[in-house]
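Thanks for making the time this morning.

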Amino acid sequence: MPTASLPTPVGWIYVTEQDGHLTRLDWGQRPDETTPLLEETRKQLLAYFDRKLERFDLPLNPKGGDLHQAVFQAMLDIPLGQTRTYGEIAKELDTYGQPVGQACGANPIPLIIPCHRVLSATGLGGYSGSGGLDTKIALLKLEGGYPFLI
């Protein structure tokens, strides 16, 4: 599967393409196997980190069952600069906060599917990306989505 890497303010990340869709974003570097989709993804990620992009427009195919897909879509619906709690998403999906948190933790395309915008009712919650909560805080600060951190 083709991958492309790029340096960002939260470390090196790489994205993976399969069958014309993004399937993974992770931290680290991989050998580049450029494709038009990976080049577009790199362009959009750079624009995001330059605060020139509010919403990604990329074909995604994250792995996961029905509940995970519903949670992924709920996260995609959170606008830049805003947050939701696990409980708010759970209520919207007629489920519980714990499965929502598990789906957030299983998100294979973080940043683009913005799991960093999902918080616990009492604070930050968790973040499964490299750097953990430090990365979540950095992303929320970049977006202006957690004002008391700025």
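What covers the buried residues of α1? The cover includes β1, β2, β3 and α5, and I will come back to each of these once the ground rules are clear. What you see is a predicted model, in which local features need pLDDT of at least 70 and side-chain atom pairs count only at pLDDT 80 or more, whereas totals for chains, interfaces and linings use all residues. Residues are numbered from 1 along each chain as its sequence is written, and side-chain values use heavy atoms, with hydrogens and water left out.

A few words on terms. Helices (H or I, at least four residues) and strands (E, at least two) are DSSP runs, numbered from the N terminus. Contact means heavy atoms within 4.5 Å. By buried I mean under 20% relative accessible area, by exposed over 50%, and by partly exposed anything in between, with a 1.4 Å probe and protein chains only.

Let me begin with the annotation. The UniProt record, an unreviewed entry, places "domain: Methylguanine DNA methyltransferase ribonuclease-like" over residues 5-61; its positions are given in the numbering used here, feature names are shortened, and annotations may be inferred rather than shown by experiment. In the model, that span is 25% helix and 33% strand, and the C-alpha atoms at its ends lie 19 Å apart.

Now the sheet. Three strands form an open sheet in the order β1-β2-β3, with antiparallel pairing, where two strands pair if DSSP finds at least two bridges between them. Because β1 (3-8) and β3 (21-27) stand at the edges and each has a single partner strand, one side of each is left without a neighbour in the sheet. From one strand to the next the twist averages 25°; for angles, axes are lines fitted to C-alpha atoms, for helices over the stretch in contact, and the values run from 0 to 180 degrees between N-to-C directions.

β1 pairs with β2 (residues 11-18) over six bridges in the antiparallel sense, and a hairpin of two residues joins these strands. Within that pairing, A4 stands opposite V15, and L6 has I13 as its bridge partner. β2 and β3 are likewise antiparallel over six bridges, with Q18 bridged to H21. They too form a hairpin with two residues between them, and D19 in the turn has a positive phi of about 50°. With 70% relative accessibility, D19 counts as exposed.

Across β1, β2 and β3 lies helix α1 (residues 36-49), running at about 15° to β1. The expected span of a helix is 1.5 Å times one less than its number of residues; for the 14 residues of α1 this gives 20 Å, which agrees with the 20 Å between its end C-alpha atoms. Its buried residues are L37, L38, T41, R42, Q44, L45, Y48 and F49. Just after α1, R51 takes a positive phi of about 60°.

The other helix I want to show is α5 (residues 132-143), whose 12 residues reach 17 Å from the first C-alpha to the last, close to the 16 Å expected. Buried in α5 are G132, T135, K136, L139, L140, L142 and E143. Seen down the axis of α5, these fall within an arc of 160°, so they line one face of the helix; the arc is that of the directions from the helix axis to the C-beta atoms. They pack against β3, α1, α3 (86-93) and β5 (118-119). Just after α5, G144 has a positive phi of about 70°.

Finally, which residues does H116 touch, not counting residues up to four places away in sequence? They are Y48, L111, Y127, K136, L139, L140 and E143. H116 sits in the loop between α4 and β5 and is buried, with a relative accessible area of 0%. L111 lies in the loop between α4 (97-105) and β5, and L111 is also buried at 0%, with a positive phi near 75°. As for Q82, it is 34 residues from H116 in sequence and 10 Å away in space, C-alpha to C-alpha.
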